[in-house]
Amino acid sequence: MGLRKSLGIIAVCTQVVVVVDYNMQSQQAGLGPGELSMKAYSAIVQARYNTPTVTASGLSAVQQGGQGSDAPPTPVCVRRGTSLNCQ
């Protein structure tokens, strides 16, 4: 009974997330509720998740502004309590 209830909660939560995302995408497209086709919505979702994978070496190159860039790296700041530590 507990497993069945848990799966039901997961299913309902997933449906709510999809509905909210669909409505947000419809509003961003300037359409009313229900006017965005499911084909267009699935293309938006696929484009969102079809980003190129970033490796650790590629991530450091992106953070440094590219491989041939002479710009100094952006400092990373961490707030602990009332102090701000930038490195």
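A salt bridge is a side-chain nitrogen of Lys or Arg within 4 Å of a carboxyl oxygen of Asp or Glu. The model used here is predicted.

**Exercise 1. Find how many salt bridges the rule gives, and which residues form a salt bridge.**

Step 1. Take aspartate 21 and arginine 48. Their closest N and O atoms are 3.2 Å apart. The cut-off is 4 Å, so aspartate 21 and arginine 48 form a salt bridge.

Step 2. Count. The rule gives one salt bridge.

Step 3. Aspartate 21 sits in helix H1, and arginine 48 sits in helix H2, which covers residues 38-49. The pair therefore ties together parts 27 residues apart in sequence.

Step 4. Check exposure. Buried means under 20% relative accessible area. Aspartate 21 has 12%, so aspartate 21 is buried. Arginine 48 has 34% and is partly exposed.

**Exercise 2. Decide whether glutamine 25 is buried or exposed, and list its contacts beyond four places in sequence.**

Step 1. Locate glutamine 25: helix H1, residues 2-28.

Step 2. Read its relative accessible area. The value is 12%, so glutamine 25 is buried.

Step 3. Leave aside neighbours within four places in sequence. Glutamine 25 then contacts Leu36, Tyr41, Ile44 and Arg48.

**Exercise 3. State which residues make the nonpolar surface patch, and classify valine 12.**

Step 1. Name the members: Val12, Val16, Val20 and Met24. Their patch has an area of about 340 Å².

Step 2. Locate valine 12. Helix H1 holds this residue.

Step 3. Classify valine 12. Its relative accessibility is 47%, so valine 12 counts as partly exposed.

Conventions:
Residues numbered from 1 in each chain as written. Predicted model: local features only at pLDDT ≥ 70, side-chain atom pairs only at ≥ 80, totals over all residues. Heavy atoms only, no water. Helix = DSSP H or I, 4+ residues; strand = E, 2+ residues; numbered from the N terminus. Buried < 20%, exposed > 50% of the residue type's maximum accessible area, 1.4 Å probe, protein only. Contact = heavy atoms within 4.5 Å. Patch = residues over 30% accessible without salt bridge, like charges linked within 9 Å, V, L, I, M, F, W, Y side chains within 5 Å. Areas by Shrake-Rupley, 256 points an atom, 1.4 Å probe, with all protein chains shown as cover.
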